[in-house]
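This report describes the inside of one protein model, part by part. The sequence and the structure come first.

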Amino acid sequence: MRDSNVVVVGGGVMGCGIALRLRQAGARVTVLERSIPGAEASSAAGGILAPQHEAEGPGPFLELCLRSRGMYPDFAAELQALTGVNVNYLPSGVLSLAFDEAGMQRLEATVGWQRSLGLRVELLNPAEARALEPQLSPHVLAAVRYADDHQVDNRLLTRALTMAAAKVGATFRTGYVRGVVEERGRAVGVDLDGETLRADAVVIAAGSWSGLVQGSALDPRVVRPARGQMVQFQTRLPLFSHVIFSDKGYIIPRADGRVIAGSTLEFSGFEKHVTAEGLHRILSLAMQLCPALGSAPVQETWAGLRPYTEDHLPILGASPLPGLFLATGHFRNGILLAPITAKLMAQAVLGEKPLVDLTPFRCDRFPRR
């Protein structure tokens, strides 16, 4: 399969990362994108690399996320060497805050099970939290510091991955993929605006739109769009250095003084509008976490559509149709999981033993509706 012809549907961080790894392995790769590569969820994200903060408990998904986080320093260095683009990988750490008794209990429970796994995690009292970040709200009752959870500038990452895939020889084409072409029980290509584009393997990595590709083996209700609205502030000097979370959202400091705040979780179909209610919630959250943001100029607002699954796990690996592979459903962890997804999907397409057991992420884990 190393000299095979592969079509990748979707030009975000998943599609471009997979194309990069396949092309480096010797496959011929064409990336199909209906608009500008990376213009959807990849560019709309926050770039938080926080498997520990995001974890709902131990298990295969946490292990997948931790492995991908560990790949990021080398991944960022490789992309800079290939393209000259510094993706601003920052080992900033994450602070998760509690403002009430229930929140404190959740933080304490998280610290307990994560320490039992040998993960680095610190429970802080209010004075210790504000010693780290003096601009925090005075109403913080407790905090957890995840020193190994970091961040990357996702827009720069998207640009670098697109450039890297092109530089190693992947071809990019713009168009609408009408569906997967099947012959004799096997995927043999795609229908691109009425033209049959033949391939030895097809990878669907189209985010929230993956289930809309005819013949993708995905029910459109299995992966659906979850809108997230975002706000960007501009400060003269950075107000804080950690990514800061509460149970209502987060604020992300960039090195140049920008602060990104988010995010909502809304099931509004494919509508990407920014709403007054969404902005109100995000602005209130940002000022609760860091009151000094109340005087910061709002520079930009936007919304993106994250590919959501009911169990919050991605869909990775081979589909029931031979020759067809799926990489979607990453929800809030798309940027975090880009390095490991690229590696695992290239291995799957090339017929190699995957680095990680993909059984928990199979597309047929969902009951038929």
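## Helix α5

The buried residues of α5 pack against α3 (51-54), α4, β4 (94-98), β5 (122-124) and β6 (142-146). Here helices (H or I, at least four residues) and strands (E, at least two) are DSSP runs, numbered from the N terminus, and contact means heavy atoms within 4.5 Å. The model is predicted: local features need pLDDT of at least 70, side-chain atom pairs count only at pLDDT 80 or more, and totals for chains, interfaces and linings use all residues. Residues are numbered from 1 along each chain as its sequence is written, and side-chain values use heavy atoms, with hydrogens and water left out.

Gly103, Met104, Leu107, Thr110, Val111, Trp113 and Gln114 are the buried residues in α5. Buried means under 20% relative accessible area, exposed over 50%, and partly exposed in between (1.4 Å probe, protein chains only). Helix α5 covers residues 101-116, and its end C-alpha atoms are 23 Å apart, which agrees with the 22 Å that 16 residues should span at 1.5 Å a residue. The expected span is 1.5 Å times one less than the number of residues. At the N-terminal end, Asp100 caps α5 with a side-chain oxygen 3.4 Å from the backbone nitrogen of Ala102. After α5 comes Gly118, with a positive phi near 85 degrees.

## The nonpolar cores

A nonpolar core is a set of buried Ala, Val, Leu, Ile, Met, Phe, Trp, Tyr and Cys residues joined through side-chain atoms within 4.5 Å. The largest one has 51 residues, and Leu22, Leu79 and Leu157 have the most contacts inside it. Two or more residues come from each of β1 (5-9), α1 (13-24), β2 (28-33), α4 (60-83), α7 (154-167), β12 (201-204), β19 (324-328) and α9 (338-349). Another core, of 25 residues, lies apart from it and includes Val177, Val180, Val190 and Leu326.

Not counting residues up to four places away in sequence, Leu22 touches Val6, Ala27, Val29, Ala346, Val349 and Leu350.

In α9, 11 of the 12 residues are buried. These buried residues pack against β1, α1, α4, β12, β18 (315-318) and β19. Gly351 follows α9 and has a positive phi, near 75 degrees.

Phe325 lies in strand β19. Phe325 counts as buried because its relative accessibility is 9%. Its contacts, leaving aside neighbours within four places in sequence, include Val202, Ile204, Ala318, Met345, Ala348 and Val349. Phe325 and Ile204 are 121 residues apart along the chain, yet their C-alpha atoms are separated by 6.2 Å.

## Ser210

Ser210 sits in the loop between β12 and β13 (224-234). Ser210 is buried, with a relative accessible area of 0%. Beyond four places in sequence, Ser210 touches Ile204, Ala205, Ser216, Leu218 and Thr328. The side chains of Ser210 and Thr328 make a polar contact at 3.1 Å. A polar contact is a pair of N or O atoms within 3.5 Å; within protein, one must be able to donate a hydrogen and the other to accept it, and residues adjacent in sequence count only if both atoms are side-chain atoms.
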